[in-house]
Amino acid sequence: MTRGVALLVAAVGLLIADGAAAHPIRTGYLDVQRVESDEYRVHWTMPAPDGIPTEVDVTFDARCTSAGTVSNADTAMRLDRAWTIRCADGLAGTRVTAVGLDAGVTDLLVRIADQTVSVSRLTPEAPSLVVPAAGATSHGAWVYFRLGLAHILFGVDHLLFVLGLLLLVRDPWTLVKTVTGFTVAHSITLALATFGLVHVPAPPLNAAIALSILCLGVEAARAQRGAGSLAARRPWLLAFAFGLLHGLGFASGLVDLGLRRADIPMALLLFNLGVEAGQLLFVALVLLLARAFRLLEIRWPQPLPYLPVYAVGTLGAYWTFDRIAAMLGGTG
């Protein structure tokens, strides 16, 4: 009973946080490379996975001026531009600003290779940075960890799948195997997609991820009624199978950045660790809620434990039809 109530509270929290729709996080990438003493090559990419043009813009200090024309390689799903700037006295100490970032939806990774290589993340709360001077210590690699953490915590469809897995788990050892199966599976496809060995277009992938949530809701409902199934007996197999799909979804957070190949291994490792930290944090929160409700000894209405199952299944069905319609209509 207490586990069911905790799952219900978590499901309601996800619905409130997401507004009943799973919005992809749009993480852009700004690469600034020094080519001469006061000249820099700028490459800026910004994904538009839902086909909606981005309203984000990037600005530099007034002492940095454009030199030449902007090379535009925009597509329907991605902004891709390159240009050259000249900065009097170099880039160190100048301010770079991302205008128009949306809370919880868009952010921007900035890699600046001047006399020092630094990696930073701009968000709606902190949309600008001052380029560090030569010799300054940079902890930019951990930006990828924070990016992975944000990707899972704002990825409501992924969290809802984890929530559904908890509906099938009956004991701690099974929970460990289930979470491990999901981790191993999505780590495999995350790596394959990031290195360009596997590519699945976003619209069918998003529809398949939504369908995995719907299937999980159905299996959880069967298990709650006492009907036997392979998913109920061995949930780690289901977690592994669908984890392969979710790993491709996680990969969009790195693939769309267009990272330099030399930066990919460290970025992949830290991004994946961030995803795992966010996933374990969410599982721990649900278990702590269940523990708290057990200690409070509150008498809950009898139908309440069944509501989480229907919340997962209903939202999975809604997303499935919505994403299939968007895919067929060419809007997703």
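**Close-up views of rings and cores**

View 1. At 18% relative accessibility, F242 counts as buried (under 20% relative accessible area, 1.4 Å probe, protein chains only). This is a predicted model: local features need pLDDT of at least 70, side-chain atom pairs count only at pLDDT 80 or more, and totals for chains, interfaces and linings use all residues. Residues are numbered from 1 along each chain as its sequence is written, and side-chain values use heavy atoms, leaving out hydrogens and water. The whole structure holds 3 aromatic pairs (ring centres of Phe, Tyr or Trp, its six-membered ring, within 6.5 Å). The rings of F161 and F242 have centres 6.0 Å apart and planes at 85 degrees, so this pair is edge-to-face (planes over 60 degrees apart). F161 is buried too, at 0% relative accessibility. F161, F182 and F242 form one aromatic cluster.

**View 2. Charges over tryptophan rings.** The charged end of K177 sits over the ring of W236, 4.0 Å from its centre (NZ of Lys or CZ of Arg within 6 Å of the ring centre and within 35 degrees of the ring normal). R323 places its charged end over the ring of W319, 5.6 Å from the centre.

**View 3. The largest nonpolar core.** This core has 54 residues; Y144, L254 and L259 touch the most other members. A nonpolar core joins buried Ala, Val, Leu, Ile, Met, Phe, Trp, Tyr and Cys residues through side-chain atoms within 4.5 Å. L254 touches Y144, T194, L259, A267, L268 and F271, not counting residues up to four places away in sequence (contact: heavy atoms within 4.5 Å).

Notes: Rings of Phe, Tyr and Trp (its six-membered ring) pair if their centres lie within 6.5 Å; planes under 30 degrees apart count as stacked, over 60 as edge-to-face and the rest as tilted. Buried means under 20% relative accessible area, exposed over 50%, partly exposed in between (1.4 Å probe, protein chains only).
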